[in-house]
Amino acid sequence: MVTEEVDEGGGEASPEPVRDYGVCSTWGNFHYKTFDGKIFYFPGTCRYLFAKDCYNATTNFQVQIGRSEQNGYPIISDITVYISEFLLELKNASLSVNHSIVELPFIKPGLKVIKEDTSMRLTADWGLELLWDGYARLELHLPESFANRTCGLCGDFNGMTEYNEFISNGITRSAVEFGNLQKLESQPETCEDVSYSPDTSCYIIMRPHCERILTGLPFRECNSLVDVSEYLNACTEDLCICHETAKLVCACSSIAEYSKECIAAGGIPENWRTNETCSISCPFNMEYQECGYINEGTCSDIGRSNAMEKCESGCFCPAGTVLDNINGLGCIPPEECYCTLKGKTYPAGTTVTTPCQICVCRSRLWNCKNRPCPATCSVEGGSHITTFDESRYAFKGNCQYILSQLCSNSPFTVSVYLLPSSDGGNQTILAGVSLIVGKKVLHERKSVLYKLYIGYGDRVSVQEEFRAP
Ligand SMILES: [Ca+2]
């Protein structure tokens with residue numbers, strides 16, 4: 001969905017990727033970012049309109065969020081999405097559609113909701129995408145065609161950060177005033193408007209802690225791609241609210257948000273998390289990377305191309321290993337992946353023998369060789385044909401037909417005469433069989449029914465089944 005702006009006049013292409021969609025998000029400590037890029041803090045814990053098409057009521061798309069605090073941490077407790085004829089409610093990692101709980105993935109023409117680890121992703125084919133981590137982070141993508149027609153906490157998408165969200169008709173609004181205006185009338189119970197007075201005296205003390213990391217080495221490239229000032233404000237706000245500076249613990253999500261924005265703009269942030277700062281512990285022997293690529297995939301999809309357009313931050317398997325999602329053993333060399341057969345798992349190197357094949361498990365795939373194994377093709381009743389693979393069909397013929405031969409340089413050809421029966425009925429009979437090996441006709445008799453046995457290699461046998469009466 002990212003396109004490069006191309007100058008057809010032969011000049012230089014724009015170095016910055018230009019998005020053909022808008023992104024609105026909320027994360028961490030009640031931070032919001034509008035489609036127009038304005039970051040603001042709004043600690044409201046009611047139900048709010050997140051985004052809606054306010055220009056064309058027939059579009060029937062609306063996203064509402066319920067906000068609350070859980071163990072002292074702000075969360076999004078539930079999300080309600082109206083889209084075409086569906087009312088989707090996301091809550092506690094489950095999805096209700098038109099008030100009935102449904103299994104994920106939920107897939108309808110043009111609309112799907114899937115689960116990715118702990119996240120839920122809702123996609124509409126006309127360009128809406130909603131990603132919720134199940135906690136406090138929500139991201140909404142809308143196509144540019146919605147510019148200057150949305151309303152809600154995400155703003156009007158008109159390209160201006162202040163108008164008409166924080167300055168409208170000559171009146172200036174604070175972030176909290178703007179947020180309270182988005183409160184939905186239908187609350188489960190009365191929910192009072194929130195008030196908040198920032199402690200600006202704290203900003204001077206806390207801001208250097210944020211500057212140290214957000215304008216530090218790991219973000220050097222990012223600073224030239226994405227304006228850091230709004231994120232410095234968010235980080236400072238975080239620290240002033242929780243008064244914990246030593247580990248930047250309260251600001252981790254805002255710093256991570258800047259890193260995500262940098263990646264979206266084509267930048268490569270370096271690892272900024274340390275054991276002391278916002279550390280993330282990865283399961284098994286996975287390693288955290290701020291900008292990593294899934295190269296090898298998992299045991300179930302070795303060999304499938306996983307080429308990622310952009311890096312992502314998260315836990316990755318070390319180079320040369322894949323995630324063992326069959327036995328849950330963490331990251332292992334691909335050649336150690338187990339194979340599966342009929343619901344059972346088998347370690348690499350296991351040999352399994354079937355009547356027609358001998359198979360060895362290598363890198364979770366069965367490498368099989370065919371063994372000599374007879375297969376039967378038959379014609380019965382003059383028109384009922386059974387193939388080597390045991391599918392059956394009826395054919396009423398009136399000619400000589402090839403029943404079987406190899407597709408090239410065949411050492412043999414078996415043909416059959418399928419003719420209408422002489423009694424004038426609707427039946428056909430197998431009137432004769434011809435087996436040719438090389439140029440020699442070995443067998444040809446009429447008015448006799450045969451079964452043909454043909455094996456792999458050069459083994460061909462024709463057995464007289466019974467004589468026609
Ligand atoms: Ca605006």
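Author: Helix H4 (residues 229–242) lies across E4 and E5 and runs at about 15° to E5. Helices (H or I, at least four residues) and strands (E, at least two) are DSSP runs, numbered from the N terminus. Axes are lines fitted to C-alpha atoms, for helices over the stretch in contact, and angles run from 0 to 180 degrees between N-to-C directions. Contact requires that the C-beta atoms of two residues, placed from the backbone, lie within 7 Å.

This is a predicted model, in which local features need pLDDT of at least 70 and side-chain atom pairs count only at pLDDT 80 or more, whereas totals for chains, interfaces and linings use all residues. Residues are numbered from 1 along each chain as its sequence is written.

Strand E4 (residues 31–33) pairs with E5 in the antiparallel sense over 3 bridges; two strands count as paired if DSSP finds at least two bridges between them. Within this pairing, Tyr 41 of E5 is the bridge partner of His 31. Both strands belong to an open sheet of 8 strands with antiparallel pairing, in the order E5-E4-E3-E16-E15-E14-E13-E12. Its edges are strand E5 (39–41) and strand E12 (106–108), each of which pairs on one side only. From one strand to the next, the twist averages 15°.

As to confidence, pLDDT (the predictor's confidence in each residue, from 0 to 100) has a mean of 84 for the protein, and 86% of its residues reach 70 or more. Over residues 1–17, however, pLDDT stays under 50, and residues 464–469 also stay under 50.
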